[in-house]
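Please examine the sequence and the structure shown below. The paragraphs that follow lead through selected parts of the model in turn.

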Amino acid sequence: MASATTSAASEIGILVIGGGAVGLSVARTLAERQIGRGVLLVERHAKLGWESSSHNSEVIHASVYYPPGSLKARLCRKGNEMMYALCKAKSIPHANIGKLLVPKNMDEVRLLPRVLATAVGSGGQGVRVVNRDELRDLEPNVEAPAAIYCPTSGIVDSHALVQYYESDFLANGGDVALNAEVVGLRKYKGIPAYQVDVEEVDLSGPQRRVKARTSLQARCVVNCAGLGSGRVSALAGIDVDEAQYRLHPTKGVYFRVHRQLSLYPKRLIYPLPIRGSVGLHTTPDLYGGMRLGPLETWLPQRESGKEGKGAVGDFSHARNESYYGAASLDMSVSEDLKAKFVDAVKPFLPFIEPDDIAPESSGIHARLQREHEEVMRDWVITHEAARGLPNFFNLVGIESPGLTASAAIGQYVAHMVHAESK
């Protein structure tokens with residue numbers, strides 16, 4: 001593990017790395033509870049929530065997929081309740097529209113009891129099997145002999161949510177540094193504090209441009225770097241392969257419905273969760289529109305080896321080797337994928353026609369789960385003291401349902417930090 005000697009670096013109480021929904025929720029909760037001597041959040045992009053938080057399905061999940069007792073199950077269940085309460089109290093656009101898990105064929109119908117048992121064990125509230133007649137009452141144009149109804153699922157305006165988290169964090173005395181990427185992280189010798197090297201960067205073009213470099217001294221570091229959380233773990237001296245923290249990126253593509261919109265369901269329609277994925281689904285938005293997605297493809301990784309054993313770059317989907325300009329991310333959506341979208345939903349949306357949909361957007365998401373693993377991996381949310389990193393709190397692989405659980409994750413991490421600061 002790399003270590004540093006004390007210096008004249010700027011001293012702060014708590015440094016939160018990453019300004020997505022989860023990082024902002026953690027930071028606002030720490031600031032609100034006045035844990036630590038001030039909270040600084042650093043975000044490498046020019047805008048908060050630019051990466052996964054603003055490129056997703058914006059679904060409020062009902063905790064129906066995850067192994068009972070897992071962090072995903074516990075925090076999604078709590079986060080679902082907290083999200084609705086928060087949105088109602090703060091006038092954040094949202095809607096509790098419900099979700100249907102629909103089998104595509106008779107073989108999948110036989111899986112319904114097992115899927116229902118997982119949903120109940122995971123904490124899903126009010127989930128139940130509906131027969132064909134009940135399904136037609138709920139969604140006349142959805143075709144299936146039965147389905148699982150999840151009444152507490154919904155949708156939220158993720159951009160408005162991020163804006164609220166930011167404003168609440170600042171109102172409680174927090175500070176935000178944009179265009180600030182962590183490039184070095186070393187524990188001081190003999191004290192539970194860290195030297196953190198930060199570069200002021202411009203990521204607006206195809207090449208990463210460095211404008212300045214500075215060092216901070218932080219008593220506590222919380223890694224909420226999302227797509228970069230594995231890289232930050234490696235900077236702290238953690239062997240990401242030994243720790244099983246290496247992230248595996250996927251690109252999720254969305255198409256938007258622009259024809260026959262009145263035929264499409266008002267609720268979320270998902271396939272059954274097969275092979276560790278929730279599948280390509282419908283997502284009504286808050287403004288009368290409809291998207292289909294995500295169609296996910298696994299992306300290769302870039303491992304430059306420059307940081308030594310277990311080193312990780314973020315990902316190799318950049319068009320250039322120097323990470324990371326916003327324009328270096330391949331966010332394009334090919335018209336050629338249309339047939340795959342139609343084939344994926346045709347079994348339960350038999351009326352769909354290719355001309356109904358057009359390419360819309362995409363997002364990059366990071367998973368601890370490998371491409372061929374069929375079991376969903378749980379999140380890593382841990383204090384790394386056992387690895388010789390006291391006051392270093394690590395959040396790795398916070399994929400879906402991270403947006404749903406963001407408020408609950410904020411509380412969970414704040415409790416951990418508070419417990420260690422006594």
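Which residues of helix H4 (residues 112-122) are buried? This is a predicted model, in which local features need pLDDT of at least 70 and side-chain atom pairs count only at pLDDT 80 or more, while totals for chains, interfaces and linings use all residues. Residues are numbered from 1 along each chain as its sequence is written, and side-chain values use heavy atoms, with hydrogens and water left out.

The buried residues of H4 are Leu112, Val115, Ala119 and Ser122. These residues lie on the same side of H4, because they cover an arc of only 95° around the axis; the arc is that of the directions from the helix axis to the C-beta atoms. Buried means under 20% relative accessible area, exposed over 50%, and partly exposed in between, with a 1.4 Å probe and protein chains only. Helices (H or I, at least four residues) and strands (E, at least two) are DSSP runs, numbered from the N terminus.

The face of H4 turned away from the buried side carries the exposed residues Pro113, Arg114, Ala117 and Val120. On the buried side, the packing partners are helix H2 (71-90), strand S6 (99-102), helix H3 (106-109) and strand S8 (146-150), where contact means heavy atoms within 4.5 Å. After H4 comes Gly123, which has a positive phi near 110°.

Attention now turns to the sheet. Four strands, in the order S7-S8-S6-S15, form an open sheet with mixed pairing. Strand S7 (128-131) and strand S15 (268-271) are its edge strands, each pairing on one side only; two strands pair if DSSP finds at least two bridges between them. On average, neighbouring strands of this sheet are turned by 35° against each other, direction ignored. Strands S6 and S8 run antiparallel and are joined by three bridges. Lys99 stands opposite Cys150 in S8. H4 packs on the sheet, where it touches S6, S7 and S8, and its direction makes about 5° with that of S8. Axes are lines fitted to C-alpha atoms, for helices over the stretch in contact, and angles run from 0 to 180 degrees between N-to-C directions.

The domain assignment of the protein chain gives domain 1 (11-54 + 160-244 + 378-421) and domain 2 (97-154 + 249-367), with bounds that come from an automatic or database domain assignment. The C-alpha centres of domain 1 and domain 2 lie 28 Å apart.

Not counting residues up to four places away in sequence, Arg28 touches Tyr164, Tyr165, Asp168 and Phe169.
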